[in-house]
Amino acid sequence: VLGINALGLNMIMEGFNEKGLNVGAFYLPGFAYYDKLTDKNSSKAISATFFPMWVTGNFATVAEVKNALKDIV
């Protein structure tokens, strides 16, 4: 995975992987909706800030990502 790190954390804000899949974290506070974290869904939660790393580190195609989105919050 190759990407841009804007916060000095072990994550990327934009990037791509060896398969050519690329992603950007368009964090839009006040404009975007994020699911609330609960005891019931916390085991399936991925922070919006770590979402790009999860995508580029685990998938090769958009179809694979779309399928995996069914199982996360």
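From the N terminus on, the elements of the protein run β-β-β-α-α, and the secondary structure comes to two helices and three strands. Helices (H or I, at least four residues) and strands (E, at least two) are DSSP runs, numbered from the N terminus. The structure is a predicted model, in which local features need pLDDT of at least 70 and side-chain atom pairs count only at pLDDT 80 or more, while totals for chains, interfaces and linings use all residues. Residues are numbered from 1 along each chain as its sequence is written, and side-chain values use heavy atoms, with hydrogens and water left out.

Taken along the principal axes, the C-alpha atoms of the protein fill a box of roughly 35 × 25 × 20 Å. Of the 73 residues in the protein, 21% are buried. Here buried means under 20% relative accessible area, exposed means over 50%, and partly exposed lies in between, with a 1.4 Å probe and protein chains only.

The three strands form an open sheet in the order 1-2-3, with antiparallel pairing. The edge strands, each pairing on one side only, are strand 1 (2–4) and strand 3 (22–24). Two strands count as paired if DSSP finds at least two bridges between them. Strand 1 is joined to strand 2 (residues 14–16) by three bridges, and the two run antiparallel. Within strand 2, glutamate 14 is the bridge partner of isoleucine 4.

The aromatic rings come next. Rings of Phe, Tyr and Trp (its six-membered ring) pair if their centres lie within 6.5 Å; planes under 30 degrees apart count as stacked, over 60 as edge-to-face and the rest as tilted. By this rule the protein has two aromatic pairs. Phenylalanine 51 and tryptophan 54 form a tilted pair, at 5.7 Å centre to centre and with 40 degrees between the planes. Both residues of that pair, phenylalanine 51 and tryptophan 54, lie in helix 1 (residues 51–58), three residues apart, which is about one turn of the helix. Phenylalanine 51 counts as partly exposed because its relative accessible area is 25%, whereas tryptophan 54, at 18%, is buried. Tryptophan 54 also forms an edge-to-face pair with phenylalanine 59, at 4.9 Å centre to centre and with 75 degrees between the planes. Tryptophan 54 and phenylalanine 59 are both buried.

Alanine 48 is in the loop between strand 3 and helix 1, and its relative accessible area of 31% makes alanine 48 partly exposed. Threonine 61 is found in the loop between helix 1 and helix 2 (62–68); at 35% relative accessibility, threonine 61 is partly exposed. From C-alpha to C-alpha, alanine 48 and threonine 61 are 19 Å apart in space and 13 residues apart in sequence. Threonine 61 and asparagine 22, in turn, are 39 residues apart in sequence and 9.3 Å apart in space, C-alpha to C-alpha.

Alanine 48 also belongs to the lining of the largest pocket, which has 18 residues, with Tyr34, Ile46, Ser47, Ala48 and Val73 nearest its centre. On a 1 Å grid over the protein atoms alone, a cavity is a set of points where a 1.4 Å probe fits but cannot get out, and a pocket is an open set with protein on both sides within 12 Å along at least five of seven lines; lining residues have an atom within 4 Å of a point. The volume of the largest pocket is about 420 Å³, a volume being the space filled by probe spheres set on the points, which are joined across faces, edges and corners.
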